[in-house]
Amino acid sequence: MQIQPILAALRKYRLATLLIALEIALACAVLCNACFLIVSRLRQTQIDSGIDQRALAVIKLSGFDEAGSIDLNARMLDGLRRIPGMQSVGAINAVPFGQHAGTAGITLDQAGQHFGGVIDFYLGGPGTFEALGLRLVAGRAPQADDFRPLNHFEPDDAPVMVTRTLAEHLWPGADPLGKEFWSDHDHFRVVGVIASLARQDGGEGGPETIQWSVFVPAQPGMYLAGNYLLRADPAQLPRVLRDARAAVVKIAPDAVLDNQASQTLDELRLRYFRADRAMAGILLGVIVALLLVTALGIVGLASFWVTQRSKQIGIRRAIGATRGDILRYFQTENFLIVSFGIALGMLLAYGLNLALMRFYELPRLPLLYLPVGALTLWCLGQLAVLGPARRAAAVPPVVATRSV
Amino acid sequence: MFGYYLDLALRSLKRHRALTALMVLAIAVGIGASMTMLTVMHILSGDPVPTRSSTLFFPQVNPSPAPGERHAPFDMMDYRSATELWSAHRADRQALIASAALKLNAPGVNLPPLMAQTLSTTADFFPMFDVPFRYGDAWTAQDDAQRARVVVISDDLNNKLFGGADSVGRTLRLKGADVRIVGVLAPWRPSPLFYDVAGGRYAEGQTASFYSKPEDVFMPFNSGQDIVGHDYNVFTCWSTAQGSDLRTGPCVWVMLWVQLDSVAKVGAYRDFIAAYAQQQKALGRFVHADDTRMMSLLQWLDFNRAIPGDVRLQTWLAFAFLLICLFNTVGLLLAKFLRRSGEIGVRRALGASRGTVFAQCLVEAGVIGLLGGIGGWLLAMLGLWLVRRQPVEYADLVHLDVPMFLATFGLAIAASLLAGMLPALRASRITPALQLKTL
């Protein structure tokens, strides 16, 4: 197929060609960036929480008298353990995807000169380390005498387990075991390293900080009360949680059950990422609508061209062009226009990505998205032009002889 | 003449139904998407106190005693700074604010206890923020001073507990303390909940919670100190060494809002807080005496980037989408007008000027815009319905008001006229002779 005559014909319809190309370019830019946004949103929802999510649930109480916390803990732990199917119950200050409870800045020296970052503290009573299902990669798990009483929101001189990511951030390349850090006056010593444990309420400071958490063994008491981690067989968990919620009314009539927070971890996670999934859905809808509108534009303009040129098509057919020749002519023409649009669109996509990077702290658009976007638009263009092109191919040669 | 053009336009549109439908659809989809997001934007970026937002200010000081590098005040104040600034009564009106979730039950009402969001504030809060009352009235400055056990409750809570009846004079139990209802608010839903906004720059764009409903129970600030104790929501602490009393502890948890009616007063108040910080530095309580700041209400909302990041992103997306739809319409209109070259040639030959042909084409584009606007309005209603189904705090706020309804049609017609401009110009340049020859 010769390209020269097609280009010559397009020159006659410069404006319309330019319009379609610009539309394709814009569509290409939005398509690449929207796809990238969808993928990064969905990737966020895939983060590794580091815990046995499917087997865990939370019961959260509020409104109880702080002075009676120790008594409340005793009643709750005892009462919940009696529920059939319950594997373990422990007091914990927070869980991933729940409300955040222990966020603080840490320093690597006592004087507070070397700032380490803002991290999340998980304060857990006996049994919670195992119940969470945290995977130890170095050092040791908490032992019985590690669980010390709290006299404020953090225990003193506590042996703690840090995540691998946090250890690498605080002491790059070094063995974290035995290292120390401070949060204001409180001192912590690393005795174990865990594979991962996601933060309570997202990363303050970007997605790379999502694993910046430590597990601190602590004795339930006045500063660790009202929030309980339940573990049961995943198949039985919904029933166990239902029983637990019902039992709370009898065990702790003085407290108010927080219905929003008392959920299975799966449910909490689902809710936590609801906005991200909704956004991904909206973006997907926009992409579909965008492709549809672009396709309709191509169909409309191509039909117009076919009508305009029906006489020329007739002449070509009369002097020997086959139906296939006519079909291919329009297909090639569309391919050329779309390619021009894509070339422009890639530049636009890159520019749009720069703007997004500036205002939404998005990473750079991986180059892979550009060929994928281009391929999509090429296919779309060919599909859209197929109808009008077939109609063009169906123009009988006899048209050439009319009204000349 | 316009009537004639309209008639011509309708005839022309009727002749090529498919092409007309395509154009109307393109405009409708573009307008629908952009108006949905613009409406959400319009509602979220509105002025929460339209009558006097320019006179409301948010003073800040930095009470941290650590000689670190921190050079920005905290978003809230410690108890001592806030109450001392408040007690000076240097502003036209001033309100302290601290929030807490407390257990609440109503004696004589057959409902289990619930956790209620409460706000401890001072008497000026209600007139200062134009809070509407349904029954009763706010408490007085005297009640503030005497630590009176009185509360004002929201319309929502009044409906839930008392079925909407006049509950003034009834008693509630808040965390063990009996309080008497003196006022019930009329429905009140400022957008955003401006007086509680803080910490937006740490929220990573997830600021939908700024649009939640106002608290259910309002009580005098001093009475709150007796009732709430250390259950107040704390913004942050600069040290973990906590005493038993939040009021003397190293934490920030109180906000101060002031109303300043003239520019001179604003300047004077800035000087006042600067002088206060200097004085506290002299006393050894502050280290960062120059860290004072006072933004107006709207500046404070901007500073906190109150509009959620996702909403802003969606708005840009909607505009990009509208742009693509416009390109599409330009292309289709071009096809449509040029297809009628012969007809236009005849009109020109019969004496129509370029201007009349241009006007005729624009009228046709405008009619398409109007039709697209109707479609866009329907799609925007659908889009807003979808937004309302999202699990976000502002879902119940989202509706199409009269200005946005008119804007839908305005935008649709403006967009189609803009899109029609180029094709109309092309059509008006058609040379009659060439067209007549081919007839």
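User: What is the handedness of the link of Cys237(B) and Cys251(B)?

Analyst: The model is a predicted one, and the rule finds one disulfide over all chains. Cys237(B) and Cys251(B) form this link with their sulfur atoms 2.0 Å apart, inside the cut-off of 2.5 Å. The angle about the S-S bond is 95 degrees, and the link is right-handed.

User: How many residues apart in sequence are the parts that Cys237(B) and Cys251(B) tie together?

Analyst: Cys237(B) belongs to strand β9 (residues 236-237) of chain B, whereas Cys251(B) belongs to strand β10 (residues 251-252) of chain B. The pair therefore joins parts whose separation in sequence is 14 residues.

User: Into which domains is chain B divided, and what distance separates their centres?

Analyst: Domain 1 of chain B comprises 2-45 + 308-438, and domain 2 comprises 53-303. Their contact takes eight residues from domain 1 of chain B and ten residues from domain 2 of chain B. Taken over C-alpha atoms, the distance between the two centres is 49 Å.

User: Which three residues of domain 1 of chain B lose the most area to domain 2 of chain B?

Analyst: About 770 Å² is buried between domain 1 of chain B and domain 2 of chain B, with 57% of it from carbon and sulfur atoms. Three residues together account for 56% of what the side of domain 1 buries. They are Pro308(B), Glu393(B) and Leu397(B).

User: Which residues form the salt bridge between domain 1 of chain B and domain 2 of chain B?

Analyst: Across this interface the rule finds one salt bridge, and the count of residue pairs in polar contact is four. On the side of domain 1 of chain B that touches domain 2, the residues divide into five nonpolar, one polar and two charged. The closest N and O atoms of the bridge are 2.7 Å apart, inside the 4 Å limit. The partners are Asp396(B) and Arg189(B).

User: What area do chain A and chain B bury between them?

Analyst: The contact between the chains involves 48 residues of chain A and 41 residues of chain B. Within the area that chain A buries against chain B, Leu15(A), Leu19(A) and Tyr360(A) supply 16%, more than any other three residues. Carbon and sulfur atoms carry 71% of the total, which is about 3,700 Å².

User: Which element gives the largest share of the side of chain A that touches chain B?

Analyst: Across the interface of chain A and chain B, there are five residue pairs in polar contact. The elements of chain A giving two or more residues to the side that touches chain B are α2 (14-45), α8 (274-308) and α10 (323-360). That side has 25 nonpolar, 14 polar and nine charged residues. The largest share, 19 residues, comes from α8(A).

User: Which side chains meet in the salt bridge between chain A and chain B?

Analyst: The rule finds one salt bridge across the interface of chain A and chain B.

User: In which helix do Arg271(A) and Glu267(A) lie?

Analyst: Over all chains, a search of the whole structure finds 28 salt bridges. In one of them, the side chains of Arg271(A) and Glu267(A) meet at 3.2 Å, N to O. These two residues are four residues apart, about one turn of the helix, and both lie in α7 (residues 265-272) of chain A.

User: What distance separates the centres of domain 1 of chain A and domain 2 of chain A?

Analyst: In chain A, domain 1 covers 4-45 + 275-401 and domain 2 covers 99-221. Taken over C-alpha atoms, their centres are separated by 53 Å.

Technical notes
Residues are numbered from 1 along each chain as its sequence is written. Chains are lettered from A and ligands numbered from 1 in the order in which they are written. This is a predicted model: local features need pLDDT of at least 70, side-chain atom pairs count only at pLDDT 80 or more; totals for chains, interfaces and linings use all residues. Side-chain values use heavy atoms; hydrogens and water are left out. Domain bounds come from an automatic or database domain assignment. Contact means heavy atoms within 4.5 Å. Buried area is the accessible area (1.4 Å probe) that two parts lose on being put together, summed over both. A polar contact is a pair of N or O atoms within 3.5 Å; within protein, one must be able to donate a hydrogen and the other to accept it, and residues adjacent in sequence count only if both atoms are side-chain atoms. Ala, Val, Leu, Ile, Met, Phe, Trp, Tyr, Cys and Pro count as nonpolar, Asp, Glu, Lys and Arg as charged, and the others, Gly among them, as polar.
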